[in-house]
Amino acid sequence: MPTPPEKWWHSATGYQIYPRSFCDSNGDGVGDIPGIVSKLDHLADLGIGFVWLSPVYRSPMADNGYDISDYRDIAPEFGTLADFDRLVSEARARGIGIVMDLVVNHSSDQHPWFLAARRDAARPEHSYYIWRDARPDGSPPDDRQAIFGGPAWTWVPEVGKYYLHLFSPAQPDLNWANPALRAEIHAMMNWWFDRGIAGFRMDVIDLIGKDVDAGRHEMGPHLHPYLQEMHRETLAGRDVLTVGESWNVTIDTALDFCGRERGELDMVFQFAHVVEGWDPVHGKFRPRPFDLPAFKRVLFAWQQALAEDGWNSLFLSNHDLPRQVSKYGDDGQYRVRSAKALATAMHLMKGTPFVYQGEEIGMTNTAFERIDQFRDIETLQLYDEQMAQGVSPEAFIAGANANGRDNARTPMQWTDGPQAGFTDGTPWIEVNPNHAQINVAADRADPKGVFAHYQALIRLRRELPIIRHGGLRPIAGDHPQVMAYERELDGQRLLVVVNFSGEPADFDLPEADACAGRCLITNFGDRTEARGRLALEPWEAFAILDA
Ligand code: TEU
Ligand code: CA
């Protein structure tokens, strides 16, 4: 198999920061950029190569920054452009790049473009957004529902039209069909590149190519032409990382984004393995029981599809998802061991792993009791909707505690002190009471802590070409309890075995997969040989590199 030319992000591990919840430097209860700068040594010690920074742009914060009112400024609660420049240079001094979040499917309804657009249809900014007439009875142009609930169209009397918002009404969709809008976005991206950023994560990127009248919002007909143009105008010739978030990409369309020929993006965040755990009708608040064979089928199919071309992103967590140790692992008795098991399974596949803040110490979901403890726009809108439909508040809160977005957004747990060391003030969202046990100081003081395990995995990726570029072959794909695979490069083999359960497992390793050599990593006890029937401990995970 041809090994692609080495890029820096082949050996790097990413780390996502949700700035509002990472570290508060001035006691106002909101995390900020000086707070991030103060914690860069934590990230350098972990060994990561880049940070994906969730939005820090000026924003009314209807969706915590995914609603931008000035693409070339920093939200005052997060700091200043000078703080941002300091973050870039201090991170670079530690070998860490800063990847910004590009949120350009929509802006804020407080962006000066939209304020002009909604006042006067003759203004050029009017056509930066998507407007349609009402139907004869005055109702919205179509029945499309917004992702956060309610109709996707809102009426503006001043111009006598509806505007489209696939998310909340505070997030009007930008009109990518307008070349002037596209030129604005390209210029803005180049402006950030000139400030020294290392790339972009692109929010809901598959929505920009929509054909509204044809009802094609996802993966629309103009998507790839726009991305090719964006590549020509901003990315070409720059040694940066791009990762496009897409809830609709499949193994059949992934290479349209990240194949060598197209080269639009370096990789995508796909969600097939996440959605696999949702109820097909009732969605994420009614999760299905975890189905390991289905989970493996999805992830291994992606490994297969991008084996020769393209590149995978590897993640279980982000700011929209529940904490992985609670969702896929065991956040009780086996919290530490299962956190390490999940990381082992993910990090030793081919692709670029992304660690979400707090994952590296095994942070868990939180258990709120009342709706007023929640902050997320999606949860709050769904609450109103479901109360109107007669769902009980208790049932709703149980669903939100299991799968809501606030789980990922409770403050980073630095210490066992007041407010987990996140702030000297009152945090914008409550800290998880379990910070008394689960915190950075305690985990890092333990040589067998979760952090040490992540450090080792991240270092192994840098050291071993087989982890970066080896082929991947699933082992016993249908096994209901164990995830196992083999990596192979130039005749060398790496065996990875993970018991994905809190029960012991007897795992019959096929003879062809037997392996003896160096134990690269383990969360239980060293194994230097695996052959025949393996008696695995609950959540045991290990990897052996053949001699
Ligand atoms: O998320 C895309 C998106 O579709 C999510 O709203 C997703 O459906 C939901 O979170 C599943 O629980 C991106 C950002 O990651 C998210 O934070 C933003 O709210 C959203 O886009 C709008 O910008
Ligand atoms: Ca602050």
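Donors are N, O and S atoms within 2.8 Å of the metal, or within 3.2 Å for Na, K and Ca; water is not among the atoms, so sites may look incomplete. This is a predicted model, in which local features need pLDDT of at least 70, side-chain atom pairs count only at pLDDT 80 or more, and totals for chains, interfaces and linings use all residues. Residues are numbered from 1 along each chain as its sequence is written, chains are lettered from A and ligands numbered from 1 in the order in which they are written, and side-chain values use heavy atoms, with hydrogens and water left out.

**Calcium ion (ligand 2)**

- The calcium ion has the protein donors D24 (OD), N26 (OD1), D28 (OD), V30 (O) and D32 (OD), at 2.2 to 2.4 Å.
- The donor residues follow the sequence spacing D-x1-N-x1-D-x1-V-x1-D.
- D28 has 39% relative accessibility and so counts as partly exposed, whereas V30, at 10%, counts as buried.
- Buried means under 20% relative accessible area, exposed over 50%, and partly exposed in between (1.4 Å probe, protein chains only).

**Ligand 1: surroundings**

- Ligand 1 is surrounded by 16 residues (a heavy atom within 4 Å), and the closest are D63, D203, K284, H319 and D320.
- This shell consists of nine charged residues (Asp, Glu, Lys and Arg), five nonpolar (Ala, Val, Leu, Ile, Met, Phe, Trp, Tyr, Cys and Pro) and two polar (the others, Gly among them).

**Ligand 1: side-chain distances**

- A polar side-chain atom of D63 is 2.4 Å from an oxygen atom of ligand 1.
- For K284, a side-chain N or O atom lies 2.3 Å from an oxygen atom of ligand 1.

Conventions: Polar contact = N/O pair within 3.5 Å; in protein donor to acceptor, adjacent residues only side chain to side chain.
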